[in-house]
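Let's take a walk through this model together, one contact at a time. Keep the structure open beside you and follow along.

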Amino acid sequence: MTEGVTKQYPKNVGRPPALDGVSLSIRPGGIYGLIGPNGAGKTTIIRICSTQLLPTAGTVTILGHDAIADPRSVRTRIAVIPQESRPLYFLNVDELVYLYLKMRGMDRAESRRRTNAVLEELGLVEERKRLVSRLSGGMRRRAMVAMVLASDAEVLFLDEPTTGLDPLARREVWGAIRRTIRDHRTVILTTHYLDEAEQLASRIALLDRGKVLLEGTADDLRARVRRPYRVTVDSRVPRTELERYGDVTDVDGGHLVFTRESDARELALKALGAGARVSMGPVSLEDVFLQVVGRPIDDGTTGEEAA
Amino acid sequence: MTERHRLRSVLTLAYLNGIVPMRTQPLFLVSVLASPLSFLFFVTIASHGLYLKYAVTGGMLFTMLSIGTSLQTDLTHYRTDLKLQDMVVASPVEGPVYVTGLALSELLYSLPGLAVFAALWATGGPALGATGTYAWPVNLPNALTIGFTLVIVWGFASALGFTLATYFEDVREIFLFSSLISLGLTVFPPVYYPLSALPAWAQTIAYFSPTTYAAQLLHATTSAAATPVGSLAADWGVLIAFTVGLLFLAAAKARWREP
């Protein structure tokens, strides 16, 4: 899908590029997650693939069409929810979806049929006549997902669709996104919530500073780190005794140890023997990120700043 | 996209940005009328009714020129705040279709205001005639002249709004700038009063504003003296040249996909 895509914004000449030779191969169908901190290049790659932005170098092919040379052929088959986008506040939910479909060129009968179906499917029937401005944040996002879901687009780009939402609202939006892939569409989703990527995406690319660091299923990513197990031990076990098992990080009331599977068992048994509280399991994507990038995903710095 | 699809997109955009807000918040219509009616009121009072004949068509011109500011505001707001333009770019809708749809929506939104001034024009002439004061002729040729002039002004205002929108990244900047635009296009040029009311040096400057030519065409329909045909042709020519020039500038500045 993308081959060696590089983007150097004209205003940032002399600084590291926003994207540096990104190559991704995304099979049609399913949800593909792009994860990384702010400034990693997620939005830039989405904007290039959805024909909003030209790359400095590289090729992009969407469903067999060259997205750089022939954007019109691509645009009939895609839809996007941009990062921090908001719906037109003076429309009601029904109009938002229906008029979006008509604006894309769909006829009245088909737009009506699809609008009714998607509002039913996403549980928005009771809200259909409510003004978008009077909806909660989660409902607004669901309404926006309904717009692209109702379209005839085969590839949907969702750029951080749940940023700023509370956990309940995020789950509502997740449910809506899951429904998009029922009819074999492809969803390309960016997020800096790693649990979101883990919950939704069948394959994930981890980006940082404009480069793809890891790519695969969530299990692939976990398997590719040096220490794929995490053990948390409370402070009754001194840190010095833990260091021989792996990388130790201090956490609230204890220590977190990244280690190998065999060492994890041994460490857990030893800690239990010392009367400590222990929990153990495979690393999360957040742990993968920490091990690969060397800092937490939400440490407040952007990829660019960290560079 | 076929021509039928393009037309459907244009009409949908015009409906959603022109008709729906009118229905949702009818008070906006009153605010659209507030400025042009205020000017009409003050100019008429200050001139003891002498300039009413200019101010009626001037109100129509002011209303049409406001389309430029509204389009500029909407385009910038939809691009930078709502990210609607990004959604549209990544869809079958083409740039000219999007801009035409929004420009048409602004026209629809202005129609109630124009209707008020059209009613004043249609009834004001005969009513003044009945009182023995000067009445402007209400006839089909004058109505057509007003209609054609306003259509050209719509094109000019839309092209201006679109061009300016490409320079702004924040709607607040537009609010600061729009009063200057209004001063240069509707207050200083002879929109609500005759060109002859300005001193000679100011008349020369006024000719740099395209609205002067539009106002001359409109004022000719309510003027007692016949305007020379050559002068009207020159007004048409300059107004159309300004509009075409701005449309070219807008097309050259437009960036549907960012570089």
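A salt bridge here is a side-chain nitrogen of Lys or Arg within 4 Å of a carboxyl oxygen of Asp or Glu. Side chains of opposite charge can pair when their charged atoms come close.

Some ground rules before going on. This is a predicted model, where local features need pLDDT of at least 70, side-chain atom pairs count only at pLDDT 80 or more, and totals for chains, interfaces and linings use all residues. Residues are numbered from 1 along each chain as its sequence is written, chains are lettered from A and ligands numbered from 1 in the order in which they are written, and side-chain values use heavy atoms, with hydrogens and water left out.

Back to the place where the two chains meet. How many salt bridges does the rule find across the interface of chain B and chain A? There are 4. Another salt bridge links A:Arg47 and B:Asp86, with 3.6 Å between the closest N and O atoms. A:Arg47 sits in helix H1 (residues 42-49) of chain A and B:Asp86 in helix H4 of chain B, so this pair joins two chains. Helices (H or I, at least four residues) and strands (E, at least two) are DSSP runs, numbered from the N terminus. Over all chains, the structure holds 33 salt bridges.

Now for the whole interface. On the chain B side 33 residues are in contact with 40 residues of chain A, contact meaning heavy atoms within 4.5 Å. Together the chains bury about 3100 Å², with 63% of it on carbon and sulfur atoms; buried area is the accessible area (1.4 Å probe) that two parts lose on being put together, summed over both. B:Leu82, B:Met87 and B:Arg257 supply 24% of the area that chain B buries against chain A, more than any other three residues.

There are also 13 residue pairs in polar contact between chain B and chain A (both residues at pLDDT 80 or more). That term means a pair of N or O atoms within 3.5 Å; within protein, one must be able to donate a hydrogen and the other to accept it, and residues adjacent in sequence count only if both atoms are side-chain atoms. Which elements of chain B supply at least two residues each to the side that touches chain A? They are helix H1 (3-24), helix H3 (52-81) and helix H4 (84-89). H1(B) gives the most, with 13 residues.

E9(A) provides the largest share of the domain 1 side that touches domain 2, 4 residues.
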